[in-house]
Amino acid sequence: MKMITAIIKPFKLDDVREALSEIDIQGLTVTEVKGYGRQKGHAELYRGAEYVVDFLPKIKIEIGVPEDRVESVVEAIIRTANTGKIGDGKIFVTSVEQVTRIRTGETGIDAL
C-alpha cells in the first residue's frame with residue numbers, strides 16, 4: 001500500500017477531486033495548509049502599507065491506494081493540478097505498513 005500526498009493550489013481542488021472520482025478513487029483527506037517553496041511568497045498592500053506574505057495557502061490531499069493504482073492517481077493529479085506556473089505543488093508517494101478500518105476492524109487492502 002502507498003500513501004499519496006499532494007500539495008496543490010486551492011482553486012484546483014474540485015478539478016482534482018473530479019479526476020480522482022473518474023478513476024474510481026473513493027476516499028481522500030483534504031487539509032488546508034500554508035507553505036512556500038520556490039514561489040517564496042509575495043508582497044501585498046493593506047491600508048496603504050506593504051507587507052510580505054511568506055506562507056501561501058495550499059491544499060494537502062492524502063490518498064491511501066494499493067500499489068497498482070499509484071501511477072494512475074499521480075497522473076490524474078498532475079493532469080488536473082498543473083497550471084504551468086510556479087507554485088503548482090508537489091506529490092509525495094510513501095509506503096504504508098498497515099491500515100485498519102476503525103468501524104469494522106478490517107486491515108490491509110480491505111481497509112482502504
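Trainee: Is Lys 12 buried or exposed?
Mentor: In this predicted model, Lys 12 is buried, because its relative accessible area is 13% and the cut-off for buried is under 20%.

Trainee: Where does Lys 12 sit in the fold?
Mentor: Lys 12 belongs to the loop that connects strand 1, residues 2–8, with helix 1.

Trainee: What does the side chain of Lys 12 reach?
Mentor: The side chain of Lys 12 comes to 3.3 Å from the backbone oxygen of Thr 80.

Trainee: And which residues is Lys 12 in contact with, leaving aside neighbours within four places in sequence?
Mentor: Those contacts are with Thr 80, Ala 81, Asn 82 and Thr 83.

Trainee: Does Thr 80 count as buried or exposed?
Mentor: Thr 80 counts as buried, because its relative accessibility is 15%.

Trainee: What lies 2.8 Å from a polar atom of the Thr 80 side chain?
Mentor: That is the backbone oxygen of Ala 76.

Trainee: Which residues does Thr 80 touch, not counting those up to four places away in sequence?
Mentor: Thr 80 touches Lys 12, Asp 15, Val 16 and Ala 19.

Trainee: Let us turn to Glu 22. Which helix does Glu 22 lie in?
Mentor: Glu 22 lies in helix 1, which covers residues 13–22.

Trainee: Why does Glu 22 count as exposed?
Mentor: Glu 22 counts as exposed because its relative accessibility is 67%, and exposed means over 50%.

Trainee: What separation is there between the C-alpha atoms of Glu 22 and Ala 76?
Mentor: Those two C-alpha atoms are 9.3 Å apart, while the residues themselves are 54 residues apart along the chain.

Trainee: Now the overall fold. How many helices and strands does the protein have?
Mentor: The protein has two helices and six strands. Along the sequence they follow the pattern β-α-β-β-β-β-α-β.

Trainee: In what order do the four strands of the open sheet come?
Mentor: The order is 2-5-1-6, and the pairing is antiparallel. Strand 2 (29–35) and strand 6 (89–95) are the edge strands, each pairing on one side only. From one strand to the next, the twist averages 20 degrees.

Trainee: How many bridges join strand 1 to strand 5?
Mentor: Seven bridges join this antiparallel pair, with strand 5 covering residues 56–65.

Trainee: Which strands does helix 1 lie across?
Mentor: Helix 1 lies across strand 1, strand 2 and strand 5, and runs at about 10 degrees to strand 5.

Trainee: And which strands does helix 2 lie across?
Mentor: Helix 2 lies across strand 1, strand 5 and strand 6, at about 5 degrees to strand 1.

Trainee: A change of topic: how much space lies in the largest pocket?
Mentor: The largest pocket holds about 420 Å³ of space. It is lined by 19 residues, and the closest to its centre are Gln 26, Gly 27, Ile 63, Gly 64 and Leu 112.

Trainee: Where does the largest share of that lining come from?
Mentor: Strand 5 provides the largest share, with four residues.

Trainee: Finally, what part of the protein counts as buried?
Mentor: Of its 112 residues, 27% count as buried. Among contacts between residues at least 6 apart in sequence, 72% join residues at least 24 apart.

Note on methods:
Residues numbered from 1 in each chain as written. Predicted model: local features only at pLDDT ≥ 70, side-chain atom pairs only at ≥ 80, totals over all residues. Heavy atoms only, no water. Buried < 20%, exposed > 50% of the residue type's maximum accessible area, 1.4 Å probe, protein only. Polar contact = N/O pair within 3.5 Å; in protein donor to acceptor, adjacent residues only side chain to side chain. Contact = heavy atoms within 4.5 Å. Pairing = 2+ DSSP bridges. Axes fitted to C-alpha atoms, helices over the stretch in contact; angles between N-to-C directions. 1 Å grid on protein atoms, 1.4 Å probe; cavity = no way out; pocket = protein on both sides within 12 Å on 5 of 7 lines; lining within 4 Å. Points joined across faces, edges and corners; volume = space filled by probe spheres on them.
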